[in-house]
Protein chains: 2
Amino acid sequence: MGVLERKQRQKEEVRNSILTAAWSIIQTEGWQAISIRKIADAIEYSVPVIYNHFESKEAIMLEFVKEGFRQLRDHIQAQLSDEDRSCQQLEIAGKAYWQFAFANQATYQLMFGMGLPPCERARQVPEIQSFSAMLVSLIQKVIDHSKQPDTNAFLKFHTFWSILHGLVSIQMINRSATPDELSELVLEDAIYGFIKALAV
Amino acid sequence: MGVLERKQRQKEEVRNSILTAAWSIIQTEGWQAISIRKIADAIEYSVPVIYNHFESKEAIMLEFVKEGFRQLRDHIQAQLSDEDRSCQQLEIAGKAYWQFAFANQATYQLMFGMGLPPCERARQVPEIQSFSAMLVSLIQKVIDHSKQPDTNAFLKFHTFWSILHGLVSIQMINRSATPDELSELVLEDAIYGFIKALAV
DNA sequence: TTACAAAAAATAACACTGTTAACTTACAGG
DNA sequence: CCTGTAAGTTAACAGTGTTATTTTTTGTAA
């Protein structure tokens, strides 16, 4: 009697359909437009069924936040190669970060700040740890090749991430949705400045 | 017949009471908790009266965004003094920015990103222009005293602002609501790095 | 095959939200 | 005093997230 297995599978199918429905709403109408009733309508189930799979609407969105950080890490890692010098890798990583943010704008906006409780986030999204670890080790390599090997890599990571996130969000908030030439210059300017200070 | 004047005054009083009611809700429950009905309840008027003074809920929030940028500019300007060297002034400005963000956390979160349409903002909030102009001129002074007087001050302003905003929002999102020692170090690290690269 | 228990799903409600149409009341000018 | 305008009200519309209650389906055992 593989009944339980089948039920498990069916349940997972519904769960997936919830996520894909939510995702399509995000893509077409923006992340602020997702609603339980719209999702229920899309998956052709009644509203309370969704609550058998997710505790709340926020839990559904959190799923995309997690997925976002996974994808961001993978996207950056995919562009790195061991052949490059470590400070070149950092430059590549910075540009890949920027690239990801604008290629996945809705996701990026969901990943950061959008009305989610700030304090909880770090604990609810362990994927941030994995993302951070990757960049910390990257920066550690640059430090190892520099003349100040006792620099705090975690501190520098924090600075690096802050710069990148600042660039992206000021661009998204203040200027248009698609980056122009100036902002590309700003990006390079900021990254070069950081790397120069780090690599000594 | 000062009747019209009195009515004008009364109307403005109601407008002000709407803003102060909204403000007290923001302070006690956070900016996400403000609602038209709560405001109406607080000012002891019915709901539609609010729509005689503000076009929408968003318009009320935008008022605080504008006020926020005014205050931010004033807060920074108040800490500057002509006696300091220009690059020191930039350091002071950066720290004042950080200081303001955490002293007025709800306002800062309202000023940036919180679900407001990104593209419109620049046009709807001319106060950003004034804020930007102040920092641009500050940076221009540093450039004038440096060995590369043809540096683009607006570009550098953009970088500077991005770094500051990034520092603040990564801190607010990822770590606790109150900045710790590490984040203070990150702040100084980032500011010094920027100024060093700028002042040559 | 039928009876029954348990799991799944649906209906309907609660307590909200922003916004607005329609109605009532107060009040200044003729 | 009457009348038109403006101020303020009630009540409704169309949504929202969430949940208690009820119905339906389904698997199993008699």
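Predicted model: local features only at pLDDT ≥ 70, side-chain atom pairs only at ≥ 80, totals over all residues.

Colleague: How many helices and strands does chain A have?

Modeller: Start by listing the elements in order. Chain A has 10 helices and zero strands, and along the sequence its pattern reads α-α-α-α-α-α-α-α-α-α.

Colleague: What box do the C-alpha atoms of chain A fill, and what share of its residues count as buried?

Modeller: The box, taken along the principal axes, is roughly 65 × 45 × 30 Å. Of the 200 residues in chain A, 34% count as buried. Contacts can be sorted by separation in sequence: among those in chain A between residues at least 6 apart, 64% join residues at least 24 apart.

Colleague: Which residues of chain A does UniProt mark as "DNA-binding region"?

Modeller: A record can point to a stretch, and the model can then be examined there. The unreviewed UniProt entry puts this feature at residues 35–54 of chain A. In the model that span is 60% helix and 0% strand, with its end C-alpha atoms 13 Å apart.

Colleague: Which residues are closest to DNA strand C?

Modeller: DNA strand C is surrounded by 17 residues, the closest being Ser46(A), Ser35(B), Ile36(B), Ser56(B) and Lys57(B). Two or more residues each come from helix 3 (47–50) of chain A and from helix 2 (36–43) and helix 3 (47–50) of chain B. By class, this surface has 10 nonpolar, three polar and four charged residues.

Colleague: And which residues come nearest to DNA strand D?

Modeller: Out of 17 residues around DNA strand D, the nearest are Ser35(A), Ile36(A), Ser56(A), Lys57(A) and Ser46(B). Helix 2 (36–43) and helix 3 of chain A, and helix 3 of chain B, each supply at least two residues. The classes near DNA strand D are 10 nonpolar, three polar and four charged.

Colleague: How does one describe two packed helices?

Modeller: By the angle between their axes and the distance between those axes. In chain B, the axes of helix 5 (residues 86–103) and helix 8 (residues 127–144) come within 8 Å and cross at roughly 145°. The crossing is left-handed.

Colleague: Which residues meet there?

Modeller: From helix 5 of chain B, Ser86(B), Cys87(B), Gln89(B), Leu90(B) and Ala93(B) meet Leu135(B), Leu138(B), Ile139(B), Lys141(B) and Val142(B) of helix 8. The residues of this contact divide into seven nonpolar, two polar and one charged.

Terms used: Residues numbered from 1 in each chain as written. Chains lettered and ligands numbered in written order. Near = placed C-beta within 6 Å. Helix = DSSP H or I, 4+ residues; strand = E, 2+ residues; numbered from the N terminus. Nonpolar A, V, L, I, M, F, W, Y, C, P; charged D, E, K, R; others polar. Axes fitted to C-alpha atoms, helices over the stretch in contact; angles between N-to-C directions. Left-handed = near helix turned anticlockwise from the far one by under 90°. Contact = placed C-beta atoms within 7 Å. Buried ≥ 20, exposed ≤ 12 C-beta atoms within 10 Å, placed from the backbone. UniProt positions renumbered as here; feature names shortened; annotations may be inferred.
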